[in-house]
Amino acid sequence: MGLFDRLRGKDHPRVAFIGIDGVPFSLLSDHPEEFPNVAALADEGAAGAIDSIVPPESSACWPALTTGVNPGETGVYGFQDREVRSYDTYVPMGRDVQATRVWDRVTDAGRDATVMNVPVTFPPQRNVQRMVSGFLSPGVDKAAFPDELRDTLQDIGYKIDVNAKLGHKDDKSDFVEDAHETLDKRYEAFTHYLEKDDWDLFFGVFMTTDRLNHFLFKDYERDGENKDAFMEFYRKVDDYLGKIRDLLPEDVTLVVASDHGFTSLDYEVHCNTWLEENGWLSYEDDDHEALSDIAEESRAYSLIPGRFFINLEDREPRGSVPQDEYEDVRDELKAELEALEGPDGKKVADRVVVKEEAFRGDHDDIAPDLVVIPNHGFDLKSGFKGHDEVFGIGPRNGMHSFDNATLLIDNPDAEIEDADLYDIAPTILDLMEIDYARTELDGASLVHQ
């Protein structure tokens, strides 16, 4: 069906979703003069801050956003998950996502979906119109399907991700330049396929915003030397969002969202070092590098970000905590985490969430027993190589936040109030008039038609 037929109303309404990974709503709403296109979208449609998920980590967030269900259903809890009944860990990829993606529902309804640069989608699916995988993918040659998409992206010099190692340098100029180049190529690729106008759902993610935030966010919040470079980058993001909005046909609703918020980072918190110092964790020998090196007498261990596991009998291979002591031991650990203070005297934890409060589904066997949602400024790390101090300073000055994620919907009938990440998938489906069972999803549509 051609564009003329679409505009005459002979087809269902369409959606273009643009992800802006890690962009806090306050950054955009506090500077309407700097970001006029976002301001116009907010004024003419609906806009607001929404909550992320537990835990607010991109590898868990994007599967949740794109399915509308929690990690207990998706099976992805973070950047690193553990095997069932094992201390072996793995990095979740697209095939590890066990719930139905929103573009699969679109395809099942007989419509077309173009999916570009969404994290945790490698390898690219072959049941959609076209897909190039995002974060953690290898080169474009393996991350893009079909061949036409791969060839087009290679021809324009498309980049899957920014070179984050450049951000570790004291001088951020090379990193910022690389971030601009990555953003430019992403925009060029997005507009190429947006203008093809042969899709019903376009789903694309700008990941570079998250990358820039990790290394420059404190400069923005606290007037650091790279604040001007930070604002210049976001003025370009705003410009690109405005241009995308302008080129969309009238039958397309634009949805813009981030997967979590962002804030300044003051201290890295080495959680396994804290567990070791407080008698919860020990290792088989001094040369430890991985979860598999923990000793049998250990009572708990941690994986990023802020996920804590009881070393439970009959669940962990060398579990030391009897099943009948689980609740008491977990309560003890929870209380100690709630009391933990940083060098500045501030509490590290905003709250400590037990797994029953956050997760429901078939993947309870790899769910963390506790998740710490940190106060702003405390970035929770969980390496096993050992650190001399619990609190440290690393190369990054920005960190994810549970609160203050962004949602913009170019529809005045939408209402963004007390919303969270799970509401985005059902909202897209309602905008596209695709039926779904509301009990299947953890979220609810924000559009009242």
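A residue counts as buried when its relative accessible area is under 20%, as exposed when it is over 50%, and as partly exposed in between, using a 1.4 Å probe and protein chains only. Aspartate 197 has 10% relative accessibility and therefore counts as buried. This is a predicted model, in which local features need pLDDT of at least 70 and side-chain atom pairs count only at pLDDT 80 or more, while totals for chains, interfaces and linings use all residues. Residues are numbered from 1 along each chain as its sequence is written, and side-chain values use heavy atoms, with hydrogens and water left out.

Start with the loop that holds aspartate 197. It lies between α9 and β8. Helices (H or I, at least four residues) and strands (E, at least two) are DSSP runs, numbered from the N terminus. Phi of aspartate 197 is near 55°, a positive value in a residue other than glycine. Most residues other than glycine have a negative phi, and most peptide bonds are trans. Tryptophan 199 is found in the loop between α9 and β8 (201-206). Its relative accessibility is 0%, so tryptophan 199 counts as buried. In sequence, tryptophan 199 and arginine 111 are 88 residues apart. In space, their C-alpha atoms are 7.6 Å apart.

Now step back to helix α9 (residues 173-196). Helix α8 (residues 147-156) packs with α9 at an angle of about 140°, and their axes are 10 Å apart. Axes are lines fitted to C-alpha atoms, for helices over the stretch in contact, and angles run from 0 to 180 degrees between N-to-C directions. Angles under 35 degrees count as roughly parallel, over 145 as roughly antiparallel, 65 to 115 as roughly perpendicular, and the rest as oblique. α8 and α9 are therefore oblique to each other. Their crossing is right-handed. A crossing is right-handed if the near helix is turned clockwise from the far one by less than a right angle, and left-handed if anticlockwise. From α8, the contact (heavy atoms within 4.5 Å) takes in Glu148, Leu149, Thr152, Leu153 and Ile156. From α9 come Lys185, Glu188, Ala189, His192, Tyr193 and Lys196. By class, the contact of α8 with α9 has five nonpolar, two polar and four charged residues. Ala, Val, Leu, Ile, Met, Phe, Trp, Tyr, Cys and Pro count as nonpolar, Asp, Glu, Lys and Arg as charged, and the others, Gly among them, as polar.

Helix α9 also meets helix α10 (residues 208-221). Their axes come within 10 Å and cross at roughly 165°. α9 and α10 are therefore roughly antiparallel to each other. This crossing is left-handed. Phe175, Val176, Ala179, Thr182, Leu183 and Arg186 of α9 make the contact with Thr208, Arg211, Leu212, Phe215 and Leu216 of α10. Seven of the residues in the contact of α9 with α10 are nonpolar, two are polar and two are charged.

Next comes helix α11 (residues 227-247), which packs with α10 at an angle of about 145°, with axes 9 Å apart. α10 passes α11 in a left-handed crossing. The loop between α10 and α11 holds aspartate 223. Its phi is near 55°, again a positive value in a residue other than glycine. Aspartate 223 is exposed, with a relative accessible area of 56%.

Turn to strand β1 (residues 14-20). Seven of its seven residues are buried, so β1 is largely enclosed by the rest of the structure. Arg14, Ala16, Ile18 and Ile20 point one way, and Val15, Phe17 and Gly19 the other. Strands of a sheet pair through backbone hydrogen bonds, either parallel or antiparallel. Two strands pair if DSSP finds at least two bridges between them. β1 runs parallel to β8, joined by six bridges. Here isoleucine 18 stands opposite glycine 204. β1 also pairs in the parallel sense with strand β9 (residues 252-257), over six bridges. The bridge partner of glycine 19 in β9 is alanine 257.

Further along is an open sheet. Its four strands stand in the order β12-β13-β15-β14, with antiparallel pairing. The edge strands, β12 (300-303) and β14 (349-354), each pair on one side only. The loop between β12 and β13 contains proline 305. A cis peptide bond joins isoleucine 304 to proline 305, with omega about -10°.
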